[in-house]
Amino acid sequence: MMSVIAISALIALAAGVYVATPVARDGARVAGLVIAGLIALGAFGAYLVNGEPDLSGQPYDVLIERLRSTEPTQLTPIEQEERLRDAIRNNPEDIRALTLLGRFLARTDRELEAIGLLQRALRQGEDARIYSDLGEALVNLNEGQVTAEARRAFRRAYELDPNIPEPSFFLGSAAYAEGDRAMAATYWTDIINRLPTDDPYRAAIADRAADLLSRPTGGPGADGEAPFANAEPGDIEAMISAMVDRLEMRLDDDPGDLSGWLTLARARMMMEKPAEAREALETARSRFEGQPGKLALISALESAFAFEETDA
Amino acid sequence: MRKANRRLWITAGAAVVLVAAAALAMNAMSSAMVFFYSPAMVAENPPEAGQRVRVGGLVVDGSVERPSTGGANFTVTDGAGEIRISYSGSLPDLFREGQGIVAEGAFDGAGLFTADSVLAKHDENYMPAEVADALKESGMWHEDQTSSSQYQTYGDDAAEGAGS
Amino acid sequence: MIAEIGRFLIALALLACVAQTILAWIGANKGGKGGKGAMADAGRAASEIAVLAGGAAMLLLILSFVRSDFSIAYVAANSHVDKPLAYKIAGAWGGHEGSMLLWCWILALFGMGLAKIGPLNSALRSRSVSFQGLLQSLFFAFLAFASNPFERVSPAPIQGSDLNPILQDPALVIHPPMLYIGYVGLSTAFAIAAAGLVQKSNGRELAGALRPWALGAWTSLTAGIALGAWWAYYELGWGGWWFWDPVENASFMPWLLGAALIHSAIATEKRGAFPGWTVFLALLAYILSILGAFLVRSGVITSVHAFALDPERGVWILGMLGVSAVAGFTLFAFRATSLGEGDGFEPDSREAFIGANNLFLAAAAGVVLVGTLMPLFVDALGLPTLSVGAPYYNMSATPLMMAAVILMPLAPFLPWTNGGAKPALKQLGAAFILLPVAVVTGAFISFGAPVLAVVGAALGAWALAGAVMDAVRTLPSLAVRSAQIAAAGRTIAHAGVGLIALGAAADASRPVDQNVALAEGESVTVGGYELTLEGVRGIEGPNYIGDRARLLINGGEGGVIEPERRFYVAADQTTREVALRAGLAGELYVSVGEARVRENGVTAFEVRGAYHPLVWMLSLGAIFIVLGGLTALYARIASGAPRREGKAQAIAEAAE
């Protein structure tokens with residue numbers, strides 16, 4: 001603070017004296033003194049209206065020195081972010097900083113920049129985890145859509161390490177979105193098989209997969225019309241039962257269709273026939289004996305139904 | 001030439017130019033003036049089909065559709081009404097969902113607005129004046145949104161840990 | 001500490017300006033020895049302090065940008081550590097507060113200029129230094145109390161929010177300084193005019209004293225506007241260079257009046273014609289400069305490149321506008337008679353044509369003013385919001401400017417005062433009137449160009465032919481070297497006007513811009529060029545990431561063109577970097593926009609392609625006008641003008 005005041009005072013005096021000199025030289029000493037004094041004091045007064053002489057500056061060099069010398073856990077998220085950026089500035093190939101920052105940005109809705117950083121990290125060396133993060137950022141950027149680019153990232157991640165849950169989940173989702181339920185079921189049940197039973201992802205994937213795979217398929221037949229479109233309420237019942245009949249026939253031919261069994265159970269639940277729904281699940285369960293991934297899906301759907309009888 | 005004469009023709013010449021300028025301006029104004037309509041005004045009392053107007057509002061989240069041939073279709077709202085806008089040019093870089101924009105063009109008979117220009121500006125504190133007024137009227141605008149200066153906005157972001 | 005010293009320096013500069021105003025005023029009085037005494041010297045010393053303090057503050061602000069000191073609110077709002085150094089420096093005048101500091105400093109520089117090399121009449125000089133000091137004080141007070149670039153923020157943010165990416169551009173580094181030298185330079189004409197009214201100076205003396213200042217300021221304003229238009233052309237990516245945007249109008253109105261002023265001042269200085277008008281223009285041009293600042297900075301208008309909304313600033317600027325206008329026009333109302341009635345001239349004399357041209361330019365400025373302010377008036381009256389766009393200006397201002405261009409080539413061939421159109425027309429040669437009109441009209445009609453473009457092209461050809469004739473006939477006939485240089489400046493600048501008219505006409509009749517989504521391998525044809533999208537790849541810049549598209553021109557025979565789309569991370573903004581391929585016949589203009597995924601999963605990129613024929617004529621025209629202005633300024637400095645002025649001063653002093 002004192003240095004600001006002292007320097008300002010010196011400048012003010014010098015300026016005042018410089019302006020007043022011609023007047024003082026002309027013989028009007030007092031007038032000169034008044035002019036110099038007014039300028040100096042006036043400048044000071046005008047400064048102090050809003051001035052904050054005791055507020056020190058914060059050049060970036062000083063700031064970053066402080067961030068570097070502080071324990072990362074003591075920093076706020078935004079300070080950590082800056083520290084990571086600083087690390088990358090100093091070493092643009094710092095994979096750890098690139099990934100950490102990329103992940104942080106992806107989680108704070110800055111996918112575009114996150115994607116750039118993760119791609120940079122991958123250029124240093126391939127890594128399943130980073131590919132998976134990249135894929136996820138791409139999916140978030142495209143509002144949940146697994147684009148071709150995201151799929152490439154997940155596929156590479158899957159090739160490098162099939163035990164990470166996200167690539168399998170999203171690859172399954174992409175297959176599902178294209179209507180390939182068998183492929184989707186394969187991705188999902190495989191990863192559930194591989195994950196330890198206490199992994200939180202296991203239950204999450206099973207729930208989601210059971211929900212998706214048990215939905216009625218796009219159209220009732222070859223005509224491709226959406227189910228229940230333009231139908232009277234009374235007709236819906238009829239259509240559901242027609243669909244159930246078709247499903248039953250299909251499952252007789254091809255009892256290995258997991259999605260078919262799940263859909264059948266769900267449709268029966270909608271027709272308020274819980275006993276038959278359970279029966280379908282039990283049949284499927286015995287059919288898929290020894291395949292824990294598929295069984296997990298069946299259990300997930302079962303618990304989603306929360307059978308009324310068990311409540312009673 | 002005599003002084004009085006000289007004065008006369010200078011004055012006359014100046015008057016002719018001024019009258020011509022005024023006539024030009026009035027004529028141009030009457031045919032080139034474009035009124036602004038908020039979605040609420042359009043809902044209440046729509047302009048004639050084909051009349052050149054400006055409309056504006058906040059771009060509705062999820063309403064932007066980008067046909068594969070180019071251009072864009074989107075909806076703007078002021079909370080009291082909505083306008084569907086079709087634009088064949090390239091959207092300004094600052095265009096985004098939730099942002100205030102102004103479009104100039106005309107309505108067709110079916111109530112679709114075809115814009116030939118779209119104006120958007122991204123600034124935390126900026127909102128095209130017409131849009132801000134319309135939003136204030138509809139109650140979607142809160143005064144405190146305008147009061148935060150840019151660095152404070154940065155601070156808000158910091159608090160959320162997000163930079164969008 | 002640097003920030004606080006900077007803030008103190010602004011306060012000191014304010015006080016120096018106040019001292020300059022008072023001391024120079026006292027110095028100009030008879031008691032102060034008519035500008036030759038100690039008080040006038042002290043006023044000059046104060047003007048030097050204002051320049052030093054303002055300049056030092058500017059340097060400290062730049063230093064704060066370079067050091068990324070985000071404890072300064074303005075730096076935090078306009079910079080970022082990763083921003084390239086050049087734009088860190090330019091950021092010091094990229095936003096409102098910093099550009100206001102630049103504005104103030106340039107005002108102070110002109111104040112010091114007036115004090116050192118201002119009007120030869122020392123009383124007039126000291127008085128104009130005082131008036132300039134008043135204008136400086138107003139703006140420095142605004143800077144210190146309502147727009148301080150050193151305003152602090154505590155706790156300081158970790159990172160800045162970066163300079164608006166569309167401003168991170170080489171043209172935008174020099175555009176504001178050029179523009180401000182122009183805007184602000186017109187203040188000297190105001191100060192000299194106001195001082196002359198107080199001193200009851202003779203109109204001819206006054207016109208002679210203010211002309212070089214007005215000429216210098218107007219030349220710089222021309223360069224500033226041209227840079228701005230060029231920037232809008234390639235950076236905004238809208239495929240145009242002039243949009244009649246309120247912000248553009250804000251600089252165009254002072255430009256039109258400045259153009260009128262530098263011509264009317266010649267007639268007044270040389271032949272004593274319309275002195276009152278010249279002084280009135282000198283006052284009005286600067287008033288419109290401040291009005292422009294108000295429009296741009298108060299947020300009252302919707303514009304692409306307006307500064308952020310801030311009503312409080314608007315009130316301040318309106319206050320400054322009021323003080324300057326009331327002071328200037330009150331003086332004019334009471335003292336205009338002392339300028340003299342003006343000497344006579346015939347209707348076919350050069351004065352008459354300069355006067356008529358002045359009227360057209362002023363009328364054009366008037367209709368632009370009406371169009372710019374109309375939305376504000378209507379809004380104030382509570383009527384439905386309306387906007388006034390390009391069609392209004394094309395129907396009102398353009399015809400008036402065209403009228404001015406019709407007269408422009410004739411005036412140099414007309415004799416002063418007594419006139420005589422006959423020999424002039426013979427000299428000019430009727431062929432030069434008819435030939436370009438016929439040729440260009442025919443050419444354009446066959447291309448199906450708009451009427452306005454056809455007329456514009458004919459006028460451009462007419463102006464260009466007139467300038468060439470002027471150079472061929474006049475230059476050799478002039479005996480005095482300085483007169484020759486002055487006439488050369490005139491012909492160069494007038495040729496520039498012709499080039500701009502031609503370029504504008506060509507651009508108005510360009511083929512329709514193409515805006516399509518292209519997938520790899522697809523093409524679009526524009527202006528006879530086939531553009532094929534070869535691919536798009538990601539790029540990384542210092543503070544942005546983006547896409548760079550690669551398009552083959554005519555299947556690769558014409559080379560490649562690579563527009564970019566950039567996402568500025570910290571500023572959270574996307575911009576387009578237009579790619580240009582210039583040629584003698586025209587320029588290919590390509591920008592790339594957003595990607596979109598088609599139903600079949602193929603990604604297509606929005607591509608905007610345009611072809612601008614003869615667009616180089618616009619740049620060349622602007623360069624010609626600036627060169628012409630500089631040449632005329634040089635002629636003025638090198639000529640015997642000071643001697644004439646000295647004589648006038650001797651006469652004036654003898655009369656007292």
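The legends below accompany close-up views of a predicted model.

**View 1. Chain C as a whole.**
Chain C contains 19 helices and eleven strands. Of its 656 residues, 65% count as buried. Among contacts in chain C with a separation of 6 or more, 72% are between residues 24 or more positions apart. The accessible surface of chain C is about 22,500 Å², and carbon and sulfur atoms contribute 67% of that area.

**View 2. An edge-to-face pair of phenylalanines in chain B.**
The whole structure has 33 aromatic pairs over all chains, and this view picks out one of them, formed by Phe74(B) and Phe95(B). Their ring centres are 4.8 Å apart, with 65° between the planes, and the pair is edge-to-face. Phe74(B) sits in strand β3 (residues 72–77), whereas Phe95(B) belongs to the loop between β4 (82–87) and β5 (100–107), so the pair ties together parts of chain B that are 21 residues apart in sequence.

**View 3. A tilted pair between two helices of chain C.**
Here the rings belong to Phe280(C) and Phe329(C), with centres 5.7 Å apart and planes at 40°, so this pair is tilted. Phe280(C) comes from helix α10 (residues 275–298) and Phe329(C) from helix α11 (residues 311–335), so the pair ties together parts of chain C that are 49 residues apart in sequence. Phe280(C) is partly exposed, its relative accessible area being 26%. Phe329(C) is also partly exposed, at 26% relative accessibility.

**View 4. An aromatic cluster and a charge over a ring in chain C.**
Which residues does the cluster bring together through ring pairs? They are Trp218(C), Trp242(C), Trp244(C), Phe252(C), Trp255(C), Tyr392(C) and Tyr393(C). A separate panel turns to Trp25(C), where Arg127(C) lies over the face of the ring, at 4.2 Å from the ring centre.

**View 5. Strand β4 of chain B and its two partners.**
Follow β4(B) here, starting with its neighbour β3(B). The two strands run antiparallel and are joined by six bridges. One of the residues to look for is Ala72(B), whose bridge partner in β4(B) is Tyr87(B). β3(B) and β4(B) form a hairpin with four residues between them, and in the turn Gly79(B) has a positive phi of about 90°. β4(B) also runs parallel to strand β6 (residues 113–120) of chain B, and three bridges join these two strands. What stands opposite Tyr87(B) in β6(B)? Look for Ala115(B).

Side chains of opposite charge can pair when their charged atoms come close. The structure holds 48 salt bridges over all chains. In the one between Arg103(A) and Asp133(A), the closest N and O atoms are 2.5 Å apart. Asp133(A) is buried because its relative accessibility is 10%, while Arg103(A), at 26%, is partly exposed.

Glu4(C) and Arg152(C) meet through their side chains in a salt bridge, 2.8 Å from N to O. The partners come from distant parts of chain C, 148 residues apart: Glu4(C) in helix α1 (residues 2–28) and Arg152(C) in the loop between α6 (122–146) and α7 (170–199). Glu4(C) and Arg152(C) are both buried.

Glu577(C) forms a salt bridge with Arg566(C), and the closest N and O atoms are 3.9 Å apart. Glu577(C) is in strand β8 (residues 573–577) and Arg566(C) in strand β7 (residues 564–568), eleven residues apart. Glu577(C) is buried at 18% relative accessible area, and Arg566(C) is buried at 15%.

**View 6. Val454(C) and Leu502(C).**
Val454(C) lies in helix α16 (residues 451–477) of chain C and is buried, with a relative accessible area of 8%. Val454(C) and Leu502(C) are 48 residues apart in sequence, and their C-alpha atoms are 9.4 Å apart in space.

Methods. Residues numbered from 1 in each chain as written. Chains lettered and ligands numbered in written order. Predicted model: local features only at pLDDT ≥ 70, side-chain atom pairs only at ≥ 80, totals over all residues. Heavy atoms only, no water. Phe/Tyr/Trp six-rings, centres within 6.5 Å; stacked < 30°, edge-to-face > 60°. Buried < 20%, exposed > 50% of the residue type's maximum accessible area, 1.4 Å probe, protein only. Lys NZ or Arg CZ within 6 Å of the ring centre and 35° of its normal. Salt bridge = Lys/Arg side-chain N within 4 Å of Asp/Glu carboxyl O. Pairing = 2+ DSSP bridges. Contact = heavy atoms within 4.5 Å. Areas by Shrake-Rupley, 256 points an atom, 1.4 Å probe, with all protein chains shown as cover.
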